[in-house]
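Dear colleague,

I am handing over the structure below, and I would be grateful if you could look through it alongside my notes.

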Amino acid sequence: QNEAPLLIWLDRNGLRYDLTTDAALAAKVGPPLSGHSGVIIAGQATWTTPALGAALKHYVTGGGKLLLAGTNSLRRTTRMANGAFDEPSGVSDTDVFGERFQAVRPFTGSITAFTATASLFANTGGQLTGFTSLEPLVGTGPGKLIGHAGPSPNVNAVTQVTLGQGQILRFGLPQWSSRLLGDPAVQTLTRQAWTLLSQ
């Protein structure tokens, strides 16, 4: 429900990617973060080892681009031992990048880009409809918000943040994956995010 729609969409559009998991990255097995211009975290990345969280932050600040395509991600820690995760923490209101969030909440209306000139919203209509819940970004920590969309100017659901030399793109809409294969506006914004990740 979370990861499959994105993989199907990438394949249908002939977009090439390497596939790995959080466990493989934590164990340093398979494709590494380095050498890739962009990384997508598909679905909900519930727990992250401190070392992997630090590696993701280092990747972005060093110039990498990261797309968080799910909500409630990178805000809990865990320990990896003998190939398994244990000792999970409770949820924090900040993620590994220092971005701060509120809990997912319902809303009605449309999602509008209030920074239409931001590169994330280039070549898009600047508006999404049909969503009924969102995860608001309420603080960027050391990052700088350069693009945002939401139901109102002060509620940030879809965001583009610069951190160091890199960027964090985020779709803070739990229904994003389920809408990807059938909603042209969602597909267009996802394609624009892919363009940024590829640069």
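This is a predicted model: local features need pLDDT of at least 70, side-chain atom pairs count only at pLDDT 80 or more; totals for chains, interfaces and linings use all residues.

Residues are numbered from 1 along each chain as its sequence is written, and side-chain values use heavy atoms, with hydrogens and water left out.

The whole structure holds 2 aromatic pairs (rings of Phe, Tyr and Trp, the last by its six-membered ring, with centres within 6.5 Å; planes under 30 degrees apart are stacked, over 60 edge-to-face and the rest tilted). Phe 131 and Trp 176 are stacked, because their ring centres lie 6.1 Å apart with planes at 20 degrees. Since Phe 131 is in the loop between strand 8 (127-128) and strand 9 (133-134) and Trp 176 is in helix 4 (residues 176-180), this pair ties together parts 45 residues apart in sequence (helices, H or I, of at least four residues and strands, E, of at least two are DSSP runs, numbered from the N terminus). Trp 176 is buried, at 2% relative accessible area (buried means under 20%, exposed over 50%, partly exposed in between, with a 1.4 Å probe and protein chains only). The rings of Phe 171 and Trp 176 are also stacked, with centres 3.9 Å apart and planes at 20 degrees, and ring pairs link Phe 131, Phe 171 and Trp 176 into a cluster.

Separately, Glu 99 is placed in the loop between strand 4 (84-86) and strand 5 (100-101). Leaving aside residues up to four places away in sequence, Glu 99 touches several residues, among them Asp 93, Leu 137 and Ile 168 (contact means heavy atoms within 4.5 Å).
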